[in-house]
Structures are given as structure tokens and as C-alpha cells.
Amino acid sequence: MAETDRVVVAGAGPVGMTAAAYLALHDIPVLVLEAGDDLATDLRASTWHPPTLDMLDFFDGIVGELAGWGLIAPTWQYRDRETGPVVTWDMSLLRDDTGHPYRIQTEQWKLTRLLHRRMADVQHFDLRFGHEVTGAGQDGDRAWVTANTADGIGKFEGRWVIGGDGANSAVRRSLDVAYDGLTFPELFLTLSTSFEFRGPMPDLTPVNYFADPEEWLVLLRVVDAWRVLFPTGPDEDMEFALTDERVQERLAGVAPGCGPFDVVHKTYYRVHQRVADRYRIGRILLAGDAAHINNPLGGMGMNGGIQDAFSLCEKLVAVWRGEAEDSVLDRYERQRRQMALDFVQQSTIRNRETLMETDPVQRQKRHDEMRRIADDPARAREFLLRSSMIAGLREAEAIP
Ligand SMILES: Cc1cc2nc3c(=O)[nH]c(=O)nc-3n(C[C@H](O)[C@H](O)[C@H](O)COP(=O)(O)OP(=O)(O)OC[C@H]3O[C@@H](n4cnc5c(N)ncnc54)[C@H](O)[C@@H]3O)c2cc1C
């Protein structure tokens, strides 16, 4: 086998690592090029949905390890900031639909660490840090990326290239693939605190969405902290938004009369909704944030990306082994693009609108409807199938 008989993966985030580990465990040599000097540990996704966990069962025991590093959330809650809980959703209604009728709450970097550890003894898994991919190209039967390395510019060839290099994907940009969509006016501020919100609000679940016409928020439990997500701006000065004074004020708004709050992490980011025009460009395939991004309300970005990795790599294994024509990869694009456009984008945009509804009549209507759904087990299950991404996956599976 020539050295270039491999798949080259750009980016060692949760999507690139899942794809690479899946291929390597199917005896396909992989070369992963990561710009950073180590695996990223920034605080981003922390919610793992049931179908993602079902897929991750492929890596024997990894779901248990993720749960062991985090916590299992059998319920999640929708609340009104003024009046309290609207509905507490019980995921056990999905027990016949998934092997994991719950969410796991744990930071996304734990998956990349676990996969990296598992790949340590797999000879044909080659991960190189400090390799910043700058572009991608292809000819008849080869594809490649170029990358800046400590030894200068390198060209790395394989049979296929997977662009898992995140929202600013150099692979996608170098191929001029459009990445159209919108950017929200507000920034999203995330604060992590060791303060125990279950003191003032004992009925909290590990995942809580708070609707409010002025300041909606999300309160998420990870193993050693609560993470609070607020919209900010567009008029607020972000330097001021991060001052201790302002941060304390906002947290005190969530738990009036409490504080001071021990803030262990704070950051803000701009939020986009975008989907790439194409996921397959010949021998080059896009997955994860390189192919689609959305707001984090509903926790679908990383989950959707990992689902891309499985959908893509199952097909790529069949092509590699000569068991399927490469046209099966066009089906990857059809299925996963439609999932992003018709399901993830719509769900996350709707989630934001519901949380920020300013019309009190509409807000009340939405909450009454949610309560009616929750009171009817069949409708509640349908609702949970959608919010857990199972319904979207089933629809995508039906696409030829
Ligand atoms: C605050 C926040 C909360 C979120 N919460 C959730 C949630 O609860 N659930 C959920 O599903 N999603 C959530 N998301 C979205 C989620 O974080 C992303 O969808 C996910 O990280 C995408 O994974 P990825 O591997 O595609 O890209 P990334 O995680 O961005 O990984 C890309 C990797 O490629 C590397 N890279 C970048 N450029 C290059 C290059 N040129 N060459 C080589 N390497 C490169 C990067 O260093 C990185 O390691 C959240 C996002 C944010 C910001």
C-alpha cells in the first residue's frame, strides 16, 4: 500500500476525530492534521443527544466514559423566567426509540481526548499537531491538502480528504464553496460558576431554557459548574459585559438576593446560521461546522457534526472496500444537507424565537400549547423525538 493510500482529515475537533477513529478502526489509514499544538479544550458543546450516543456506541464503552466524566440528564426543562417551570420533559418516553433515553452533559473536548487515547496503539492512525491546513485540491484519483508546518509548507495526499476544520474551514474556503446564511445581531455570553443554582431553584433539571422577553437564558449543569448562556447586545459594550460588576449583576438577576458568584469561565461569541452549498466536491468531503453552523439553543451543532461523521464514514468504508460506488457519497450530501437545512436550522431558529417572544399573548399561547403536548404522552414523545434529533435522522435516512 502506498503511503498516500489513506484518508486525510483536516482538524481534530469532535467531528474530525470521530471520522478518523471510525475509519482507522475499519483498517483504513488516516492522517489527521490539526492546526493547534494539542487537542482543543475550549468550553463549547456540553449536551449529547440520544442518537449521537447510539452512534458513539460503536466505540465500545465510550458513552459510559463520557457519562462518567459528566452526568446523565433524564429530564430537561422549559421555564418562564417570571413564572417558573412550564414543562419538565421526561426523556424516558423515548425508551423504545433509543438505547440512551437521556442527554449526557459533559464538555465536547472529553470525546476528543477519549478517542485520542484509544487511537494510541492504532498504527495507521497518524495525528499531527501544528499542521495548519491552508487549502485542498484533487485530480482523478487523489486528493490533498496543503499545510503550514514547522518544516515549512507541506502537501499531504490521500485517496479522500475530509474537511473537519470547523466554521472557518480552510478546506471549504479554498474550494470556493458558498456558506450562506445569517448572523444574529446579539452576541452570546457564556459564564460558568460554581454557585449552586439549585439552592434558590430546587426544581431545576440539568438543562433549563428560560423564556423572557428581555433576557432569555439557558442554564446548563456540567459536572462541576453551572453554565449560563445570555444574549448580549447588540448595543452593549462587550468589554463592559465581561467586567466583574456586570457579570455579578447578570447572575444576581438569575438568583436574586444571592452572590457574590464565583465565576470560573466567561466568554462571548457571535452566532451564525449557515449551511455550505455542497458537502461533496469530488474526493473532498465537508463535515461538522465546516459544513453547517447554527445557534446553540437545542444543542445540535456538535451532535449534527458527529452524525455527519458517522453517515459519511459508513459510506466511505463501503467505497474504500469496493462494496459501493462513490456516488453513495452524493447521498451523504443529500441526507446531511437536508438534515441541516430542514431540521437543525429550523429547530434552532424556532428555539431562539420561542425563548425571546416579546408578545405576552403569543408567549402564553406557546406555553399553553407546550403544556398540552406534555400532558399527552403520544404528542410528548413526538416532541421529544424532534428535540432529540431522532425524527430528523429518520427523515434523512429515508432520502435516497
Ligand atoms: C458556547 C457554545 C456552546 C455550544 N453548545 C453545543 C451543544 O451543547 N451541543 C452541540 O451539539 N453543539 C454545541 N455547540 C457547537 C459545537 O461546539 C460545534 O458544532 C462543534 O465544535 C463542531 O465540531 P467540529 O469538529 O466540526 O469543529 P471544531 O470543534 O471547531 O473543530 C475544528 C478543529 O479543526 C482545527 N482547525 C481549524 N482550522 C484548521 C486548519 N486550517 N488546519 C488544521 N486544523 C484546523 C481546530 O483547531 C479544531 O481542533 C456549541 C458551540 C458554542 C460556541
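I began with a pair of facing residues: A10 stands opposite L33 in β2. The names come from DSSP runs numbered from the N terminus, with helices being H or I runs of at least four residues and strands being E runs of at least two. I count two strands as paired if DSSP finds at least two bridges between them.

A note on the source: this is a predicted model, where local features need pLDDT of at least 70 and side-chain atom pairs count only at pLDDT 80 or more, while totals for chains, interfaces and linings use all residues. Residues are numbered from 1 along each chain as its sequence is written.

How do β1 and β2 run? I found strand β1 (residues 7-10) parallel to strand β2 (residues 30-33), with four bridges joining them. I then traced an open sheet of six strands, in the order β8-β2-β1-β12-β19-β18, and its pairing is mixed. At the edges I noted β8 (125-128) and β18 (280-281), each pairing on one side only.

**The three-strand sheet**

Next I looked up another open sheet, this one of three strands in the order β9-β10-β11 with antiparallel pairing. Its edge strands are β9 and β11 (152-158), and each pairs on one side only. On average, neighbouring strands here are turned by 25° against each other, direction ignored (axes are lines fitted to C-alpha atoms). I saw seven bridges between antiparallel strands β10 (residues 143-149) and β11. W144 faces E157 in β11.

**Around the ligand**

How many residues surround the ligand? I have 35 in the shell, and the closest are G11, G13, G166, G288 and G301. The elements giving two or more residues are α1 (14-24), β9 (132-138) and α8 (301-320). Helix α8 gives the largest share, four residues. By type I sorted the shell into 15 nonpolar, 15 polar (Gly counts here) and five charged (Asp, Glu, Lys and Arg).

**A closer look at α8**

Is α8 mostly covered or open? I noted it as mostly covered, with 14 of its 20 residues buried (20 or more other C-beta atoms within 10 Å of a residue's own). I also checked its length: at 1.5 Å times one less than its number of residues, the 20 residues should span 28 Å, and the end C-alpha atoms are 28 Å apart, which agrees. After α8 comes G322, with a positive phi near 75°.

How values were computed:
Near = placed C-beta within 6 Å. Buried ≥ 20, exposed ≤ 12 C-beta atoms within 10 Å, placed from the backbone. Axes fitted to C-alpha atoms, helices over the stretch in contact; angles between N-to-C directions.
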